[in-house]
Structure formats: structure tokens, C-alpha cells
Amino acid sequence: MSVRARLRATVPALLSSSQAGPPEITGPPGRRLLVQRSDEEIVARPLDDAFAARAGATVRFPAPWPRRGDTWEVAPDATLAVFAGAHAVRAVEPTGATRWEVRHGCWSGGCEEIHESYASYADRRDHRYPESGSVGFSADGRLVWAHVRGPLPEGELSPDTADEWLVIDAEDGRVLTRADAEAVAAGSAHLPHPTDPAQMGLSIGEGQDGAPLRWGRWDGKELTVDCLDGDLCLLSLSPSGERLMTVSHDQDALAVRDSRGAVVASLDWDAGAAIPRHPEAPADEDESPVCWDWAGGFLDETTLIASTTESDEDYGQYRHWLVDTTASHGFVPVDYPSSVSCEPTALGGGFWSTLSPSRDVVHVWSADGPEG
């Protein structure tokens, strides 16, 4: 048995794929944005519940530096964009004005400088491929959480601290608190609690060394950081924020957890046991284990979408899977009207998206019922 995927919307990119990264749909139902980053700007367009452009002008945020090596985030109301660069976190308004900037240690290799500006290292070959941190807005848009390489100009937390986690006032750039992230990152991603601005997830990648997962709670005075056990990639939070979807660093285990990191009863799956081998894989080939992608998420409070495209790519059609965490029928394959060429992105409200092969169109899908 499979589940038919119904195409609900086709959303064209805002910028040419030759100029920019792929388009993304961000935000929860009711506050969705289509966003895209080029070297020169971030473009954001509000979307309605049918994923059509809302009335009003598209918002553009001039970029303070090229997109190579940086990450970024647009506020839920599209009034501010925050860029996480190699030397600073900078908040930019649609006019191009800098609202605030927080400088920090350099993400490039063993550089120990605290740079004054991007121009001071723009042409240095040893800064061509920096590692990176990330930023994330709280659910209400009033806080910016930032994962940075320490120290800040104000000094280091301790000589043993490499990466820091900051909570910043989105309005004026005040660093409200900072804590040791207890990591040495190559990259990271923030996942905000959908309803509680005081909570945030931080998924950190340390390359081959591991994938530390942190959960932060800000009480207005102090940032408490929980270090979740295991090397885990945080993919998604349920609409209530009470459940996390994770995939292990080695991609063999998918699980649903609470915010303390504990696996919810019976909601953990080994890829080799849960998913059959690709039907086109040679029967006598033992070197093709199934593995989870670091992709997918919650479609609603109890339904997940996951994928195995990385281990499928040598055998033809990529496979996506739906699972109802309240039932016991296991993973159900998604049947698309045409081949998909990438992993799925969960959008909430029962929807998920894929990119076109040319990466210039976002396709939005929902489940249309069982087949076969």
C-alpha cells in the first residue's frame, strides 16, 4: 500500500537559479514566506494559505556580504533579516540600513582575529571557505538566537569555550545572555519552539566528529542549555513543540523525542529494519544499506514525512515515506505523479514541499489517500 501525493501548489522562485540559492518556504501556517538569497540580497514574499502571493510588495533586504559561508534568517513578519557571517551577526532592514551588529570570533580555520568588517578579510585565501554558525528568530520575532564562534569583543566566557550561544534583543541588538555551546562546529541550524519564544533547538554539525544537539531555555535572566545525549540531527518540531524529530549522525536511526531528548515510547526506527531495500537494488549486493536522509519533519502533531534518497540514488526513483505515529502499520511509501529529485521539506498543516530538478520551482504536496 502507498499514499498518493496530491500537488497543491507550484511556487516559482523569486530569483534566477544562476544568481541565487534555491527558494524556500519558511514559517508556520498563517505566516508563511517564500524566501531566496543571492549574493546581493534576500527576497521575501508573504504567502497565503493556498501558497499564493499575498497582496503587497515583495520585501528585499540588501546583503552585507556574499552568501558564500554565511547563513541567514528572515523575521516572521518580514520586517528584518539577520545575516550570520564569518565575523559578525548583522540585522538589516529593507532599506539596507544596519539595525545592529554583534561581532564575534572568526569562523575561518585557526584565525584568532576579531574582524572589524567583511572587507578586512574578503580577499584572503585562508578565509575563502569558512565554517559557520547560524541564527534563528523566536516564535514571536522578538529574540534572535545566534550560534557564533567566540569570543565576543567583550571577552571570552572561558579559555575552553570555542562556540557560544547568544540570545539577542531583535529590536536593538543587545546581547541578553550568552552560554557555552560546548561544541566546535562546522555548521549549525536553529529550530524555534513554535509557540514558546523562550525555547529554541540548536542542531550542530561537527563534520565527521559528531552532531551535538542543544535545547535552550531563556527565563529572562539566564540561558539554560540542555545537551541531549547522542549525536543527533534535529529535523523538526511538532506544532505543539512537545516532540522532536531526529536522525542520528550516522543516519541509521530515526526517532521522535521529547524536549529533554528521551525517545517517546516505541517511536524509534532503525532504517534497515523499518524500510525495505530499494526494489532496483541487486539482490546479491550487500554494500547498499538503507539510510535516513537528514530531511523531513512533522506534517501535523502525529504524522511525519521522511526520506531515503541518499541510499536510493543509485537505483532510480527516490523514496519518501509517511508515518502515522499513533498507528502500528509502519512506514508507507509516497506515490508521486512524477519522479522527485530531492528530499522533502515539512511545511506543517499537512503539507510538504520538494524542489524541481532545476531548483527554480517549489512544489507543495499533501497526502491524498491510500492506494493499492
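Which residues of strand 7 are buried on one side, and which on the other? In this predicted model, strand 7 spans residues 81-84 and is covered on both faces. Ala81 and Phe83 are buried on one side. Val82 and Ala84 are buried on the other. In a regular strand, side chains alternate between the two faces of the sheet. Burial here refers to a relative accessible area under 20%.

Strand 7 has a pairing partner in strand 6, residues 71-74. The two run antiparallel and share four bridges. Within this pairing, Thr71 is bridged to Ala84 of strand 7. Ala84 is also one of the buried residues of that strand.

Val82, buried in strand 7, stands opposite Ala91 of strand 8.

A separate feature concerns surface charge. Asp231, Asp250, Asp252 and Asp270 form a negatively charged surface patch. One of them, Asp250, sits in a loop. That loop links strand 19 (244-248) to strand 20 (253-257). The relative accessible area of Asp250 is 52%. The cut-off for an exposed residue is over 50%, so Asp250 counts as exposed.

Notes:
Residues are numbered from 1 along each chain as its sequence is written. This is a predicted model: local features need pLDDT of at least 70, side-chain atom pairs count only at pLDDT 80 or more; totals for chains, interfaces and linings use all residues. Side-chain values use heavy atoms; hydrogens and water are left out. Patches are made of residues with over 30% relative accessible area and no salt bridge: like charges are joined within 9 Å, nonpolar side chains (Val, Leu, Ile, Met, Phe, Trp, Tyr) within 5 Å. Accessible areas come from the Shrake-Rupley method with a 1.4 Å probe; for residues, only the protein chains shown count as cover. A salt bridge is a side-chain nitrogen of Lys or Arg within 4 Å of a carboxyl oxygen of Asp or Glu. Lys and Arg count as positive and Asp and Glu as negative; His and the chain ends are not counted. The place of a charge is taken as NZ of Lys, CZ of Arg, CG of Asp or CD of Glu. Buried means under 20% relative accessible area, exposed over 50%, partly exposed in between (1.4 Å probe, protein chains only). Two strands pair if DSSP finds at least two bridges between them.
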